Amino acid sequence: MTPLLERRLLFVTGKGGVGKTTIAAGLALLASQHGKRTLVGEVDSKGNLSDYFEVPPTSFEPREISPNLFAMSMHTEESLKEYLRLQLKVPLVARIGPLARTFDFVANAAPGVKEVLTVGKFLWEVRERHYDLVVVDAAATGHVVAQLAAPQGIQELVKVGLVRDQTGWMLDILGDEAQTGVVIVAAPEEMPVNETLELTERIRTETNVDLAAIIVNRVLPELFGRGEEEVFERLRTPDGVAALEAAVGGPVAAVLDAAELAVTLRRTRAGHLARLREGLPPGTNLLYVPELFTRHHGMRATQLVATSLGEELGY
Amino acid sequence: MAPAKSSARAGSIEQLLDAKEIVIHCGSGGVGKTTTAAAAAAEAAIHLGGKVLVLTVDPAKRLANALGLEQFGNIETRVPNAAFAAAGVEPRGELWAAMLDTKQSWDDLVQRHAPDAATRDAILANPLYQNLMGRFVQSHDYIAMERLYEIHSSGTYDLIVVDTPPTRNAIDFLEAPARMADFFSSRFLRWLTVPARSRVLNFASKPFYTVADRILGSQFLEDIAEFFLLFQSMYDGFVDRAKAVTRVLEDRRTTFVVVSTLESAPVREAEFFIRELQARKLHLGAVVLNKVLPDYLLDRKATTSAKRMVADAPAIAEALDRSFGESAQIERVLREVGESFLNFQVVAKREAETKGELAGAPEVVATVPYFDSDIYDLEGLIRLGDKIWR
């Protein structure tokens, strides 16, 4: 299996709320810090990728936001214009005005067009070797299959025409596991684990893209080592609390409650994590990122994620 | 662990649901919309009585099982009284649950609006139809609202609680009916469906269509045209229907509950959604802040104690009786416990700030603490419902 950052194109997906953008930003930052010219792109133009690097909002035109790291956001209409200009040499660029108004209808009427324009843009950057690595903050679990399967779908539906001609090279890059991979971000909670398992299966059966890794975010560390849990339990008793308060010189009930909450949360999450491990096909590349307890997402948090991903990946 | 008392309440379920027939839960993915909606429905069935339906989109398996939802296919299932009895409650009314089956709902819609059996069959068999309804993201939004309308107008239920599908933007499903109407009356569609011969004339004169033809190929355009020609036979029915669905959303008997966690992305979406509701003069029933860390994490004295436990672990361990454990072991426990408190406090502080910023909707904010385990049975739902509404 080609190592994660040795690939050229990574689609990062996951259920809403699991930290998909955090991980995409962290992967891109890590790659750029190891000398790879990296493009990170968000598919949702209303996304907030730029917040994770604390830079002004991204646009369709990639911008270098730190050494070796470029960021952009997808805008399907811009992508269509670029596509017409670069690929089809359509001599109508100047008169494309009515396009904007009608674009939505075309995109809606012809299934897969919006998706192919999205995925196609990133594939194009890979084909032209503009970057060593392209990291896509892709659609959430519900919609990512439609995006990844779009070139195939178009090829089946559209029998002739220039769009069809374009799908061939796209499928070649998408289907090459040395170049392209999907990264599913999961959290050790019930629904994210369910969706990750479902998506793993759908990616295998409905797309020709390789599942490069599953990254489990927000893994809580084990609080207590051997024998320590018993010590904690003894301190939790009324006698324990009284003795501890005397020794500390202040109230400790809330502190102990918080530790118990941490232990319970970890236990619940460990159960879901075990379910995830058992449900995945053998050999699935599983990586872990700990709960980071940061105040805000921003450059510092992104750097922490990049560092912990780097440790997992052996950098 | 007993969850902390919620610091604010949304008022009673009676207040919220007084004269309401539809409660729509919305918010971004992963915030606990489904559970919150199911909890509100259970609460209403228990305390208000009548027939209550929770219409859900994609419930967790265990929750679906708890509600007796073992099959898709738009079938409404009653949650047995035995399940309530097991949870130690006797409901005044009935709780029903149904899952949204997008494909089935579209097929039903076509059945209803197709002018004749031949058109119906042609549409249902059309590969573009399958493709369009399956991949057309907005179609889920629309069909959820359409289904809601259908059930509401059947008059079977006193109250319908809806869990909305995960959309890119929570607002999408509000706009879905209007967009569907727009779509069916669009110029592009009309152009596509004019008889082929006159289209050739139009074709040459309009650069856009030349482009469309070159990109997509004329055969594909023909395929689309045929499909929409079939669909156009249902145009009036569809547009009327979409308008009726919009009217139901705007009706005074409909209210919205915005669900969010206190993480920044969901909160931003919740704020946006609240603004949109206000701009549209739609009724905001409550804001539910879910999975909020307990207040005690912000306690100052506890913070001092936690810091001391980390900094002076050896001295504190030494001062404790050996019956608690070896001093090296106690030391490690004290450090872990203290650090864990301070770690969670970082997140709790961030949450408190975010909550402060969410000041747009006073009086209707309910805070729900982090439960120590997942909610997957009726008892859990009732516990959650009580937390929000009692």
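Reader: Across which strands of chain A does helix H8 lie, and at what angle does it run to E6(A)?

Author: In this predicted model, helix H8 of chain A, residues 190-206, lies across E6 and E7 of chain A. Its direction is at about 165° to E6(A).

Reader: How do E6 and E7 of chain A run, parallel or antiparallel?

Author: Strands of a sheet pair through backbone hydrogen bonds, and the pairing can be either parallel or antiparallel. Here strand E6 (residues 180-186) and strand E7 (residues 211-219) of chain A run parallel, joined by five bridges. Within the pair, Ile184(A) is opposite Ile214(A) of E7(A).

Reader: In what order do the eight strands of the chain A sheet come?

Author: The order is E3-E4-E2-E5-E1-E6-E7-E8, in an open sheet with mixed pairing. Strand E3 (63-66) and strand E8 (286-290) of chain A are the edge strands, each pairing on one side only. From one strand to the next, the twist averages 25°.

Reader: Which residues have the most contacts inside the largest nonpolar core?

Author: In soluble globular proteins, nonpolar side chains tend to be buried together. The largest nonpolar core holds 128 residues, and those with the most contacts inside it include Val255(A), Ala42(B) and Ile160(B). Beyond four places in sequence, Ala42(B) is in contact with Leu95(B), Leu378(B), Leu381(B), Ile382(B) and Gly385(B). A second, separate core has 80 residues, among them Leu39(A), Phe70(A), Met74(A) and Val136(A).

Reader: What is the secondary structure of chain B, and what share of its residues is buried?

Author: Chain B has 19 helices and eight strands. Of its 390 residues, 47% are buried. Among contacts in chain B with a separation of 6 or more, 80% are between residues 24 or more positions apart.

Methods: Residues numbered from 1 in each chain as written. Chains lettered and ligands numbered in written order. Predicted model: local features only at pLDDT ≥ 70, side-chain atom pairs only at ≥ 80, totals over all residues. Helix = DSSP H or I, 4+ residues; strand = E, 2+ residues; numbered from the N terminus. Buried ≥ 20, exposed ≤ 12 C-beta atoms within 10 Å, placed from the backbone. Contact = placed C-beta atoms within 7 Å. Core = buried A, V, L, I, M, F, W, Y, C linked by C-beta atoms within 7 Å. Pairing = 2+ DSSP bridges. Axes fitted to C-alpha atoms, helices over the stretch in contact; angles between N-to-C directions.
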